[in-house]
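Subject: Structure for you to look through

Hello,

Here is the structure I said I would pass on. Please open it first, then read the notes under it.

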Amino acid sequence: MALDPETRSQFLATIRRFVDERLRPLEAKVAEDDAVPDDVLAEMKALGLYGVSIPEAYGGLGLSMEEECLTAFELGRCSPAFRSAFGTNVGIGSQGLVMFGTDEQKARYLPGIASGEIVTSFALTEPEAGSDSGAVRTQAIWDGSAYVLKGGKRYITNANKAHLFTVMARTNPDVKGGGGVSAFLVPRDSKGLSIGKPEKKMGQQGAHICDVNFDDVRVGPEQRLGNEGEGFKVAMQVLDRGRLHIAAVCCGVAERLIEECVRYAGERKQFGQAIASFQMIQAQMADSRTEAYAARCMILDAAKRRDAGENVTMLASCAKLFASEMVGRVADRAVQIFGGAGYVADYGIERFYRDVRIFRIYEGTSEIQRLVIAREMMKGAQA
Amino acid sequence: MKVLVPVKRVLDYNLKVKVKADQTGVDLTNLKMSMNPFCEIAVEEAIRHKEGQPNVAGSHYKAGTVTEIVAVSIGPDQAQETIRTALAMGADRGILVKVDHEVEPLAVAKILKAVVDAEQPQVVILGKQAIDDDSNQTGQMLAALLGWPQGTFASKVEFAGSKVNVTREVDGGLQTVALDLPAIITTDLRLNEPRYASLPNIMKAKKKPIDVKTPGDFGVNVAPRLKVVKVTEPPKRQGGVKVKTVQELVDKLKNEAGVL
């Protein structure tokens, strides 16, 4: 649903204020404790952040893609770990259900996902299947009364908090590649499902990824998402939608870093003047600003087109590729502008520098985005 | 009981103000406007007495004490946004009294009196002052016009039957006064911490009704009675000086600063 301008601006102003007043002051603490405090999670639930992409009929906000991106710009203005807490509910953890779920599946899970009562997670990556998502080895073999899941998933975001997993597993071992894979909704409390310890990561402390293991987990046919063999399609469409959201988060983080650079460069004095008066600093700031603006324009253009019904597979990949690489450069320049202070943890700049590195890897690496873009270009040429 | 909460649209509290070059006032062009923070506290207080605090053991906020919250704002069309914020937080309906120029506290109090006469609330909860003009007069004037008791600078509000106990922040401590209802309460900073309007409620607020009135509807003359002579920025802070000894410090405090 498209919000009227007044509601939209009030909505975005509320998120901005929440980010500024509640989340930003906690960034260092969240990184140190490797946890987002429970009261903050409760506030995020109360604000409705877990349900921004869930249809209104199921208790969510049903935002358009453009509105979701505008929301992500604001949320990007603080440590990405905060967004990660509800990021799976907004994106990969819920959208398979929204796009392919039966009415009964939607009615059972979506209201809880929208309120944040149910945290979701998306289990595709395996030790030997990541970018090559068709290589999934986890099996789901029909034994006459249920699918029996066996195998392991790796680096699964929010696995340790999730109540419900969207799992990609091979239902037909005879079909290699994506065609043999189906998607399943698997509750955390299923017998035989276990979660590994959270991995120690380079950045985004407070957000967690873990192994998820399936040891003969029995899943009824009513838990299958889409038809048998449609798993790859589910995964691709879910990831397709998530790319614009991630791109928008990258853009938000970049804008935050630029804001920090402007403030610091205006205050920090060397050779008797603020470093902002030096052209080499100015050039770095100008490049960051230009690139962040370009990313914002790309994202909003692709989002509006998607809302208008266009296929934006290529544009979303362009936006994700550019925005995630852009924020890496912006973070690198921020460290440079801050100098020694950029390398010291107290200023938080080095934390962002580490945090943003994952954006070039998850939900499709930069390399995969380029493949998608080129593939879509060639489709156009052949048509 | 029904509660009336007046809310004022003011310059956002995060912004730094600039005085107009001709010194007639503050330049508001293209600046973000928000609900006055003390008014937010007033809205929050009314909502807490309506919803209670089920998750807080022993809370003095009891659900159902307040049954209806009416937010009223006096200002231009855009003041509807401020009312919407109150509605998104949890107020039930709004009244905009449309005026395109600044309205002085006495005129505001007269309009509010007329709204009270029409709405018949048991309590009016107002911010103690607005952060733009810092008048701190409206609540008191309204109490006088209505002949109602008032509890100003409230840091705690407890309803007890036909009375309300208001704890006030006064010099040197806290004073609790018991007021007979109906009454006027003005809020101080520490009364509560206002909530963020939830995103679903912001969307729902759009469907809550706002009546639009004019001062003429209430027969109130809002023509200014005061004349602003001059608005200036506060003097720039001067750099400090270092003193070498306690003796020198005492000497300066006595003879230069004149504070001892």
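**The sheet in chain B**

B:Gln150 stands opposite B:Ile184, which belongs to E10(B). The two strands concerned, E7 (residues 150-160) and E10 (residues 183-187) of chain B, run parallel and are joined by 3 bridges. Strands here are DSSP runs of E with at least two residues, and helices are runs of H or I with at least four, numbered from the N terminus. Two strands count as paired if DSSP finds at least two bridges between them.

Before going on, note that this is a predicted model, in which local features need pLDDT of at least 70 and side-chain atom pairs count only at pLDDT 80 or more, while totals for chains, interfaces and linings use all residues. Residues are numbered from 1 along each chain as its sequence is written, chains are lettered from A and ligands numbered from 1 in the order written, and side-chain values use heavy atoms, without hydrogens and water.

Chain B has a mean pLDDT (the predictor's confidence in each residue, from 0 to 100) of 93, and 100% of its residues reach 70 or more. For the complex, the predictor gives an ipTM of 0.74 and a pTM of 0.86.

E7 and E10 are part of an open sheet of 9 strands in chain B, with mixed pairing and the order E9-E8-E7-E10-E6-E1-E4-E5-E11. Its edge strands, E9 (173-180) and E11 (210-213), each pair on one side only.

Helix H2 (residues 79-89) of chain B lies across E4, E5 (93-98) and E11, at about 165 degrees to E5(B). Such angles run from 0 to 180 degrees between N-to-C directions, with axes fitted to C-alpha atoms, for helices over the stretch in contact (heavy atoms within 4.5 Å).

**The core and a buried serine**

The largest nonpolar core has 115 residues, of which A:Met44 and A:Ile299 touch the most other members. Such a core is a set of buried Ala, Val, Leu, Ile, Met, Phe, Trp, Tyr and Cys residues joined through side-chain atoms within 4.5 Å. Helix H8 (residues 231-267) of chain A gives the largest share, 14 residues. The core lies between domain 1 (5-115) and domain 3 (233-382) of chain A, because both give residues to it; the domain bounds come from an automatic or database assignment.

Is A:Ser94 buried or exposed? A:Ser94 is buried, because its relative accessibility is 0%. Buried means under 20% relative accessible area, exposed over 50%, and partly exposed in between (1.4 Å probe, protein chains only). A:Ser94 sits in the loop between helix H5 (80-90) and helix H6 (95-100) of chain A.

Regards
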